[in-house]
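Trainee: I have a structure open and I would like to go through it with you. Can we take it piece by piece?
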Amino acid sequence: MAKKELKCQKFLQKLLHIQEQIEEKTAELNYWQSQYDPCSADYTLSQEIKSRSEELQKLIMKMNAQKMFATRLIDRLKDPIGQVIMRRRYIFGETWSEIAWNCGDMSMRNAYYIHTQSLEELEKLYCGYEAVFI
């Protein structure tokens, strides 16, 4: 089968990207909060921290809504191992080596194969919903 990017795959990859953004913004926010001295009464910094915190919360809410949708799709897969692999990759954000290890120490090649089969099945389920999140 020729490797093509499926619409469902783009949606799932966005989940990973959003998770990365959240991690980066959380680290940045933690840095600025550690630099803030409430005694200095730096109003500008205080407002910036508050604004960035609100942005982060909105991003988390967006990610949670999309992950819930993805979870519902994954739950509809016929293969329970496919469900586990897809959930670990796109909901929990595990690496391929972590997935292979956590699935009974299967080979990464086998994990990729099951992932590809699951993506094809998810694409069929996803087609009616693509306008929701892309």
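Trainee: Is Ile81 buried, partly exposed or exposed?
Mentor: Before I answer, please keep in mind that this is a predicted model. Ile81 is partly exposed, because its relative accessible area is 39%, which falls between the limits of 20% for buried and 50% for exposed.
Trainee: Where does Ile81 sit, and what does Ile81 touch?
Mentor: Ile81 belongs to helix H3, which covers residues 80-91. Leaving aside residues up to four places away in sequence, Ile81 touches Met106 and Ile114.
Trainee: And how far is Ile81 from Thr71?
Mentor: The two are 10 residues apart along the chain, and their C-alpha atoms are separated by 14 Å.
Trainee: OK, so how do H2 and H3 pack?
Mentor: They pack at an angle of about 170 degrees, and their axes are 10 Å apart. Because that angle is over 145 degrees, H2 counts as roughly antiparallel to H3, and the crossing of the two helices is right-handed.
Trainee: Which residues make that contact?
Mentor: From H2 there are Lys67, Ala70, Thr71, Ile74 and Asp75, while H3 brings in Gln83, Met86, Arg87, Tyr90 and Ile91. Sorted by class, the contact of H2 with H3 has 5 nonpolar, 2 polar and 3 charged residues.
Trainee: Then what about H2 and H5, at what angle do they pack?
Mentor: H2 and helix H5, which is residues 108-126, pack at about 115 degrees with their axes 10 Å apart. That makes H2 roughly perpendicular to H5, and this crossing is right-handed.
Trainee: Which residues meet there, and what classes are they?
Mentor: Phe69, Leu73 and Ile74 in H2 meet Leu122, Leu125 and Tyr126 in H5. The residues of this contact divide into 6 nonpolar, no polar and no charged.
Trainee: Changing topic, how many aromatic pairs are there?
Mentor: A search of the whole structure finds 5 aromatic pairs. In one of them, Phe11 and Phe69 are arranged edge-to-face, with 5.5 Å from centre to centre and 80 degrees between the planes.
Trainee: What does that pair tie together?
Mentor: Phe11 lies in helix H1 (residues 7-35) and Phe69 in helix H2 (residues 43-75), so the pair ties together parts that are 58 residues apart in sequence.
Trainee: Are those two buried or exposed?
Mentor: Phe11 is buried, with a relative accessible area of 0%, and Phe69 is buried as well, with 11%.
Trainee: Which residues form a cluster with them?
Mentor: Phe11, Phe69 and Tyr126 form one aromatic cluster, and Phe69 and Tyr126 are also among the residues in the contact between H2 and H5.

Technical notes:
Residues numbered from 1 in each chain as written. Predicted model: local features only at pLDDT ≥ 70, side-chain atom pairs only at ≥ 80, totals over all residues. Heavy atoms only, no water. Phe/Tyr/Trp six-rings, centres within 6.5 Å; stacked < 30°, edge-to-face > 60°. Helix = DSSP H or I, 4+ residues; strand = E, 2+ residues; numbered from the N terminus. Buried < 20%, exposed > 50% of the residue type's maximum accessible area, 1.4 Å probe, protein only. Axes fitted to C-alpha atoms, helices over the stretch in contact; angles between N-to-C directions. Parallel < 35°, antiparallel > 145°, perpendicular 65-115°, else oblique. Left-handed = near helix turned anticlockwise from the far one by under 90°. Contact = heavy atoms within 4.5 Å. Nonpolar A, V, L, I, M, F, W, Y, C, P; charged D, E, K, R; others polar.
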